[in-house]
Amino acid sequence: MKRMFEMLSSAGAIAVGAAMALYFAGPALGSGPVTPLVVETRALPLSSADPAAERLGRLKFMGAVELTAADARFGGISAMLWDEGCNRLLAVSDSGTWFVLEPEEAGGRLRGIAGTWIAPILAPDGRPPLSKRAADAEALARTADGATWVFYEQDHRGERFADVSACRPDSLAQAPDRRWVPPASATWPPNGGMEAVAARGAQLVIALESVPGGSSGRFGLAGSPDGAMARFDWMVPDGHEPTAMDPLEPDGSRMLVLHRRFSPLEGVSAVLTEAAIGPEADGPVRMAEIARLRAPLLVDNMEAVAVRRDGERRFVYLASDDNFNALQRTLLMKFELLPAESHGR
């Protein structure tokens, strides 16, 4: 509930009442078979004040779209992975749903969505989620063996899917083959768990939301679910919480990290950073800021990041979680990450 109240604006009693009704009724949980989904898109500029703007720190803007669908299950995107085998995004929602999104691009710029598929994230017993608490998927990671891990808040856990692929939407109809519960998770707040997770080979790097670490930091874990997890402190940028992470390099030596903050005075903002976390993470881990999104730039409740590697070039997709709230939007944005030495040129 904390997150929804943070994101509500003063749009009037009717809009707030509608949002409250949706919250207590709960969003539509993942259900049904794997099926195609019709998603409408609307192109948006990076800046409402300067529609021609294309540079943001080390990012070059390469298009953005707002996504809408008539299906009540669409929304709540909380994590993504890029699948280079078919140039598609694999995403999850915090209501227990898989999405496959195939970007439509021209000249490298994001123009829309060419195709979308939807399916429930199945539980170990092969059934769709039965409650919001069980469905609250917040992070994705793909380990060196090709397995895809989904990480959940509220009922804190990770579940491993051996052969899920955006290239084969039918593969979404599989149950996880493993469940992992971090021993420390018993003391985590319901909405303060594994929001930002990435794989480093066979290991996992985890930055927890709202779980205090050292001074002005957050709790982090690095290691394997089969062995010890080293703890480190994650130094968040001026109150922004970590919401997503993806490796910039195949070996996981550098991570791209997305952070988000809501302020009653300044509204919502997001910070994208770069961090190196060694095999023996012992923190505090400090990050280099890449870019910052805040009004009048296009921004919402940014929760998902995916890195697309093309030789030496790196492209970044960002997505927002609309919380199934009419006052928020599902945004998909594309950028090119420029080398550090090009900053300011």
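Student: What is the mean pLDDT of the protein chain?

Tutor: This is a predicted model. The mean pLDDT of its protein chain is 90, and 89% of the residues reach 70 or more.

Student: Over which residues does pLDDT stay under 50?

Tutor: Where pLDDT is low, the coordinates should not be read in detail. Here that concerns residues 1–24, where pLDDT stays under 50. The model has 33 contacts beyond four places in sequence for this stretch.

Student: How many cavities of 30 Å³ or more are found in the whole structure?

Tutor: Rolling a probe the size of a water molecule over the atoms shows where empty space is left. In this structure the search gives 2 such cavities.

Student: Which elements give two or more residues to the lining of the largest cavity?

Tutor: They are strand 5 (77–83), strand 9 (137–142), strand 13 (196–200) and strand 17 (241–247). Strand 17 gives the largest share, 3 residues. The lining includes Met-80, Leu-140, Val-197 and Met-245. By class it has 9 nonpolar, 1 polar and 1 charged residues; Thr-243 and Glu-195 are among the lining residues.

Student: What lines the second largest cavity?

Tutor: Its lining includes Leu-56, Leu-258, Val-271, Arg-292 and Leu-318. Strand 19 (267–275) and strand 20 (288–294) each give two or more residues to this lining. The residues divide into 9 nonpolar, no polar and 1 charged.

Note on methods: Residues are numbered from 1 along each chain as its sequence is written. This is a predicted model: local features need pLDDT of at least 70, side-chain atom pairs count only at pLDDT 80 or more; totals for chains, interfaces and linings use all residues. Side-chain values use heavy atoms; hydrogens and water are left out. pLDDT is the predictor's confidence in each residue, from 0 to 100. Contact means heavy atoms within 4.5 Å. On a 1 Å grid over the protein atoms alone, a cavity is a set of points where a 1.4 Å probe fits but cannot get out, and a pocket is an open set with protein on both sides within 12 Å along at least five of seven lines; lining residues have an atom within 4 Å of a point. Grid points are joined across faces, edges and corners, and a volume is the space filled by probe spheres set on the points. Helices (H or I, at least four residues) and strands (E, at least two) are DSSP runs, numbered from the N terminus. Ala, Val, Leu, Ile, Met, Phe, Trp, Tyr, Cys and Pro count as nonpolar, Asp, Glu, Lys and Arg as charged, and the others, Gly among them, as polar.
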